[in-house]
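Please have a look at it before I start.

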Amino acid sequence: MRNLPVVLLVLLSAIWPPVPELPPPRPTSRVFPPAIPGVSPSGARISYVLAGIAPEAPCREAFQPAAVPPGCRTTLRATYADSTQTFVVTVGVAVLDGAGAGPRERRDTGRPATVRPVPFPGGPAERFGQRQYVTGAVAACPRGCMVATAAGYADGRTYQPGDQILPRLRFAARHLAAALHRTLSA
């Protein structure tokens with residue numbers, strides 16, 4: 001399971017000609033580390049702990065329709081919970097044919113079009129799904145990938161239009177997108 005991106009890229013290379021912009025293959029543990037350190041908006045130290053890694057998924061299944069990036073080949077997703085187990089964030093990494101390009105933003109629902117959340121049983125991400133995500137972020141990588149996040153509450157509360165988004169939740173979505181973007185751009 002930890003070497004899924006390596007296998008994925010080898011299989012894609014056999015089907016399509018190699019694309020020089022693609023990042024080099026990395027073990028899943030390097031793409032989705034077990035913990036990502038951070039600092040909350042108030043300055044408190046926090047970490048985001050890996051709840052699980054989902055199997056590879058086609059882009060149209062892994063992203064909301066308005067968020068599917070152009071030239072998307074496939075997607076890897078993982079879900080993290082903050083160390084207080086208050087927030088959960090699904091991070092999606094889309095492998096693209098060329099340089100990263102973000103999806104069109106959709107503002108009519110109050111939530112950005114982004115990656116679809118992935119729940120994992122037996123932990124804080126157990127009740128995290130499409131109806132529970134509140135906010136998200138997107139970071140385009142220069143070498144053929146895009147990182148997108150969907151963030152919500154670990155208690156399973158359903159998003160309601162007009163809900164106020166806590167700065168800490170918005171920060172978690174942006175922080176994880178930026179952290180994975182840095183990992184993939186290195």
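Which residue in β6 does V91 stand opposite? V91 stands opposite T149 in β6. Before I go further, this is a predicted model, in which local features need pLDDT of at least 70, side-chain atom pairs count only at pLDDT 80 or more, and totals for chains, interfaces and linings use all residues. Residues are numbered from 1 along each chain as its sequence is written, and side-chain values use heavy atoms, with hydrogens and water left out.

Let me stay with β6. Helices (H or I, at least four residues) and strands (E, at least two) are DSSP runs, numbered from the N terminus, and two strands pair if DSSP finds at least two bridges between them. By that rule β4 and β6 pair in the antiparallel sense over 9 bridges, while β5 and β6 pair, also antiparallel, over 8 bridges. β5 and β6 form a hairpin with 3 residues between them, and G144 in the turn has a positive phi of about 80°. As for burial, 9 of the 9 residues of β6 are buried, where buried means under 20% relative accessible area, exposed over 50%, and partly exposed in between, with a 1.4 Å probe and protein chains only.

Now the interior. A nonpolar core here is a set of buried Ala, Val, Leu, Ile, Met, Phe, Trp, Tyr and Cys residues joined through side-chain atoms within 4.5 Å. The largest such core has 30 residues, and those with the most contacts inside it are F32, Y80, V91 and V147. Elements giving two or more residues to this core include β2 (45-53) and β3 (72-82), but the largest share, 8 residues, comes from α4. A second, separate core of 21 residues includes A66, V68, V88 and A148. Returning to V91, and leaving aside its neighbours within four places in sequence, its contacts (heavy atoms within 4.5 Å) include F32, Y80, V147, T149, L176 and L180.

Finally, the cysteines. Taking a disulfide as a pair of cysteine sulfur atoms within 2.5 Å, the count comes to 1 disulfide. This disulfide joins C59 to C72, with S to S 1.9 Å, and the link is left-handed, with -75° about the S-S bond. The pair links distant parts of the chain, with C59 in helix α3 (residues 59-62) and C72 in strand β3, 13 residues apart. C59 counts as buried because its relative accessibility is 5%.
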